Amino acid sequence: MHNEQGALHLEVLSAIPGRIRIHLETPVASTVSFRNILGVRKVQYNARIQTMLCLYDPAVITEERLIIRLGAVYAAQASTKLLHVKRCEEEGFSMAPSGYMALGCIALDGALTAMGSGLTNMTRWLSVGSTLAAVVEHGYQELHVRGAFDPEVMSVVYLFNSIGKPNSIQACLVAWALTFGRHLLPHNPREQMYMVRRKGTNVKLTPINDGGNGVRYAGEMITRGMQMMAPKP
């Protein structure tokens, strides 16, 4: 997280609707300004580990907007010119045991099918039922955590259509892979650099999009400003 020299860092540790927890690089003297953000209900600051838990009303302020406002207050207190915000895309997700059970049933069904076992009639229904239950549970989990589920959950339609057909094991595997596959792959955290602009008591964060080198961008902007203000020969 500490890869931009001279920038202040804020990391979003977890975020679900109505609740967000962040880590602050430097201590904050007061939480009053954070509490005064519109939509914020409660703020708890742990000075020992420098984390802040913020409870808010999603109907009043969105998660993205809240992160910007928290960053602006933090940058104002620290008197920095650059703020780096880092957050994880997959925070709050964990595959339920039903997902692992479904994968095991699919593997067992596939193995018995390859051996030509007569038990496949039973394991086929077992793999379909466990996969269907896992996908539905995953959709409910995402709906509860994020307020919406991913389109991959709609693979249950494909799974339903395969019931009783010879290709049901392939349908189970496809539905499982579509639903859980992308969550098992490592994801790089989302990172954004902001330039901190002050006008009186107001603080505004301006996103910097320059391939990740915010310090170079800021240096170029300052150089251009000095060139414009320099007296012309």
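The structure holds zero disulfides. The model examined here is a predicted one. For Cys105, the closest cysteine sulfur belongs to Cys172 and lies 9.4 Å from the sulfur of Cys105, which is too far for a bond. A disulfide would require the two sulfur atoms to be within 2.5 Å. Cys105 has a relative accessibility of 11% and therefore counts as buried, the cut-off being under 20%. Cys54 is also buried, as its relative accessible area is 1%.

Strand E4 covers residues 51-56, and Thr51 is found in this strand. Thr51 counts as buried because its relative accessibility is 10%. When residues up to four places away in sequence are not counted, Thr51 touches Leu13, Arg21, Ile22 and His23, together with Gln44, Tyr45 and Asn46.

Helix H2 is formed by residues 63-78. The buried residues of H2 include Leu66, Ile67 and Leu70. A run from Gly71 through Ala72, Val73 and Tyr74 to Ala75 is buried as well. Just after H2, the backbone at Ser79 takes a positive phi of about 55°.

Terms used: Residues numbered from 1 in each chain as written. Predicted model: local features only at pLDDT ≥ 70, side-chain atom pairs only at ≥ 80, totals over all residues. Heavy atoms only, no water. Helix = DSSP H or I, 4+ residues; strand = E, 2+ residues; numbered from the N terminus. Expected span 1.5 Å × (residues − 1). Buried < 20%, exposed > 50% of the residue type's maximum accessible area, 1.4 Å probe, protein only. Contact = heavy atoms within 4.5 Å.
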